[in-house]
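Have a look at the model first, then read on.

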Amino acid sequence: MPGEGDKLEELYHLGRSGEAMGEYGGDLNANLLCPDTGDPQLDKAVVQWMTWDQNPQTRAQIESLAREGKRQELRERLCSRMTFGTAGLRAPMGAGFALINDLTVIQSTQGMHRYLEKSFPDLRRRGVVIGYDTRGQEASNCSSERLARLAAAVLLSRNVPVFLFSTYVPTPFVPYAVRKLGTAAGVMVTASHNPKEDNGYKVYWKNGAQIASPHDKEILKCIEESLEPWSDSWKENLADSSDLRSDPLEKICRSYMEDLKLVCFHRELNTKTPLKFVHTAFHGVGHEYVQQAFRVFGFLPPLPVPEQKDPDPEFSTVRSPNPEEGESVLELSLRLAEKEGARVVVATDPDADRLAVAEQYEPGRWKVFTGNEMAALLGWWLFWNWREKHADMADLDRVYMLATTVSSKILRTIARREGFHFEETLPGFKWIGNRVKELMDKGNEVLFAFEESIGFMCGTSVLDKDGVSAAVVVAEMAAYLETRNFTMTQQLAHIYEVYGLHISETSYLICHDPPTVNRIFARLRNFGGEVRYPLSCGEHSITHIRDVTTGYDSSQRSGKSVLPITKNSQMVTFTFQNGSVATLRTSGTEPKIKYYAELCAAPGKSDLSSMREELRKLTAALVEDFLEPDRNNLTRRSSRESEKLL
């Protein structure tokens, strides 16, 4: 029997001789099958795509590019494949092996099936959970629901049970369902807060955490070995007729809402609070689920922003579907809150796994909390309530909080003073989720974990960031503080007064050229033409450098990083003589070079204005000296201070 490569080689030569056969797509003419670009690899990639793709609209996109001779765009679409970033695939929707579409989702699921079959002898008993958000692109006939149904078809055609949600759900529902149902894995079709053009394929392992190494690498290998679609993989409606498909929506939603009560501490106060809340779902999935969560906590449902309540793949009222952008994208929410007399706004991103929070602390003046600030508040809140329930402080020895290494050190500071444990992980909730599960398996209790990009995990019902639970926990905290005549803004100032001021600055520059990114970080490792890292940044001396891309850490006697090596992403951290810490890293999902800097002061020894000026100078030098944005043609974004006490 000829293999996949043999068949394509045969088709390639048949096309060259003008004898393309129906078995391989006889509706195509020979010139289209083999456009004779002068690049055999590209010619064969066109053949491969047109042979396998059964979506008329994405086939037409490649057909049009081939006929118009747009070789460079064809190469970009067809001569490379997506790789796993943050526990999955994320890219623009459209035709080509480098983009998200029917064919690449089928190939990814076939590869995942191959790996799961190797990993789980009981795969046909366990099954897989599949969820999706509300994204879509008409030009490619590509929606999250359609992609989820095709992924289900792949697994069902191999007799694997599939728990396919019957409607869109928050991303946290998938990892929650994996653990609740005991499945081998979970898939969420979402691009979270990315631009409207994007979609993604996010994978969770049996422990309910995002996949990490070696699973990501092994799944990619299996995808490469399973590229030709199986005949039944295109049966989008197989989920409607298969006895192996079930809908977990009602069970998971009911169970999730019941488990929310584990982080509800003052329900009686909630029922009486005079506070009003506004919620925006950012045109995504969050509205209905946040409404339910507020009811569980005893609140009246929050006021929804009418223009953003229902799903809209165009995200028509915001310039960016990312609530982390702050006040500029929260305009409708703040306007509604002022009109209705609501003092607190909660905003879930389109797949409801992240949360932005704003509070009106004076008439007409709003405080939009950063991820680091909200983590300080939530960390204080969850620990304070834990301590109220545990008279025996010996239990502290098994209490943990976690944060990513680029996030504020405020939890570390609180932990050192209060006596519980704090750990850092690499950036991304795949690292947090897997480490939390390890700690839990050893009998420990994890109260809270976060990443600075407004991702919060309150409790351990979901081993991932969860905007739904975070929204209602924030509401309860605000309601409790209201009974003490305190705002969250005032409480944040109090936390910094007790534990020491932590101010940080976080932003990014955009670079669409990977070689430029590699050159920037290579220069840091060979600064001044020598094989060494820089000794200073601006007027600040560098005392330690950690480079997790290479595994180097000058603060360790061994010179080796305690954090895992991440060869496929760039991240270098600098510790300065003045006690500040700064990190430069690439994003796993976007064409960004991010920078993070924080300056911490001891309690009672903080001159806010001088600290801000010192941090401003440091970050300016970090960007200009190390990233050289003008020389490298980087697109700037205005930086913003993460900690602003008002």
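Searching the whole structure turns up 23 aromatic pairs, where rings of Phe, Tyr and Trp (its six-membered ring) pair if their centres lie within 6.5 Å. This is a predicted model, where local features need pLDDT of at least 70, side-chain atom pairs count only at pLDDT 80 or more, and totals for chains, interfaces and linings use all residues. Residues are numbered from 1 along each chain as its sequence is written, and side-chain values use heavy atoms, with hydrogens and water left out.

**Ring pairs**
- Phe-120 and Trp-205 have ring centres 5.1 Å apart and planes at 45°, so this pair is tilted (under 30 degrees would be stacked, over 60 edge-to-face, and the rest are tilted).
- Phe-120 sits in the loop between α6 (102–119) and α7 (123–126) and Trp-205 in strand β7 (residues 198–205), so the pair ties together parts 85 residues apart in sequence.
- Phe-120 is buried at 6% relative accessibility, and Trp-205 is buried at 9% (buried means under 20% relative accessible area, exposed over 50%, partly exposed in between, with a 1.4 Å probe and protein chains only).
- Ring pairs also join Phe-173, Tyr-176, Tyr-256 and Tyr-289 into a cluster.

**Helix crossing**
- The axes of α12 (residues 249–259) and α14 (residues 286–296) come within 10 Å and cross at roughly 40° (axes are lines fitted to C-alpha atoms over the stretch in contact, with angles from 0 to 180 degrees between N-to-C directions; helices are DSSP runs of H or I, at least four residues, and strands are E runs, at least two, numbered from the N terminus).
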